[in-house]
Amino acid sequence: MLFIQYPKCSTCQKAKKWLDAHNILYTSRHIVEDNPTYDELKQWYEESGLPLKRFFNTSGVLYKDMKLKDKLPTMSEEEQLKLLATNGMLVKRPILVEDNRAITGFKEPEWAEKLLM
């Protein structure tokens with residue numbers, strides 16, 4: 001299992017504590033130092049079944065500075081994925097990747113349902 005996170009992010013810290021508390025083994029990856037590639041993002045997006053917007057860190061400073069709320073609706077999926085691959089701070093975190101699935105963000109009930117059941 002791959003746990004993609006930004007160590008200073010409080011949500012990522014909560015997710016890490018939750019994984020550790022449930023003895024779930026994972027490999028940690030720093031989202032800024034090792035930004036997800038276009039191919040990785042495309043695969044995770046396809047496997048997640050989520051709307052592509054869920055992969056954007058919509059509360060981030062960079063998202064707001066780039067005025068992406070207004071730009072994303074006019075961009076193709078490929079353009080959005082390429083943009084995400086340019087900077088880890090644009091990507092929603094944490095991302096948990098295992099086998100053929102990807103989960104973005106940390107919502108304890110969702111993680112419990114998908115990882116403990």
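**Reading helices, cysteines and rings in a predicted model**

Mentor: Let us begin at the end of a helix: α1 is followed by N23, whose phi is positive, near 50°. Helices (H or I, at least four residues) and strands (E, at least two) are DSSP runs, numbered from the N terminus. The model is predicted, so local features need pLDDT of at least 70 and side-chain atom pairs count only at pLDDT 80 or more, while totals for chains, interfaces and linings use all residues. Residues are numbered from 1 along each chain as its sequence is written, and side-chain values use heavy atoms, with hydrogens and water left out.

Trainee: How many residues does α1 have, and what span should they cover?

Mentor: The expected span of a helix is 1.5 Å times one less than its number of residues. Helix α1 (residues 10-21) has 12 residues and should span 16 Å; its end C-alpha atoms lie 16 Å apart, which agrees.

Trainee: Which residues of α1 are buried, and which are exposed on the face turned away from them?

Mentor: An α-helix has 3.6 residues a turn, so residues three or four places apart point the same way. Buried means under 20% relative accessible area, exposed over 50%, and partly exposed in between (1.4 Å probe, protein chains only). In α1, the buried residues are C12, A15, W18 and L19. Seen down the axis, they fall within an arc of 120° (taken from the directions from the helix axis to the C-beta atoms), so they line one face of α1. The face turned away from the buried side carries the exposed residues K14, K17 and A21.

Trainee: What covers the buried residues of α1?

Mentor: Contact means heavy atoms within 4.5 Å. The cover includes β1 (2-5), β3 (95-98) and α6 (108-116).

Trainee: Which residues of α5 are buried, and where do they sit around the axis?

Mentor: In helix α5 (residues 77-84), Q80, L81, L83 and L84 are buried. They cover an arc of only 160°, which puts them on the same side of α5. What covers them includes α2 (38-48) and α4 (68-71).

Trainee: How many disulfides does the structure hold?

Mentor: A disulfide is a pair of cysteine sulfur atoms within 2.5 Å. The structure holds 0 disulfides. The cysteine sulfur closest to that of C9 is in C12, at 3.3 Å, which is too far for a bond. Both residues are buried: C9 has a relative accessible area of 13%, and C12 has 0%.

Trainee: How many aromatic pairs are found?

Mentor: A pair of aromatic rings is described by the distance of the centres and the angle of the planes. Rings of Phe, Tyr and Trp (its six-membered ring) pair if their centres lie within 6.5 Å; planes under 30 degrees apart count as stacked, over 60 as edge-to-face and the rest as tilted. A search of the whole structure finds 6 aromatic pairs. One of them, between F106 and W111, is edge-to-face, with 4.8 Å centre to centre and 85° between the planes.

Trainee: Which backbone oxygen does the side chain of S48 reach?

Mentor: A polar contact is a pair of N or O atoms within 3.5 Å; within protein, one must be able to donate a hydrogen and the other to accept it, and residues adjacent in sequence count only if both atoms are side-chain atoms. S48, in helix α2, reaches the backbone oxygen of Y45 at 2.9 Å with its side chain. S48 is buried at 17% relative accessibility.
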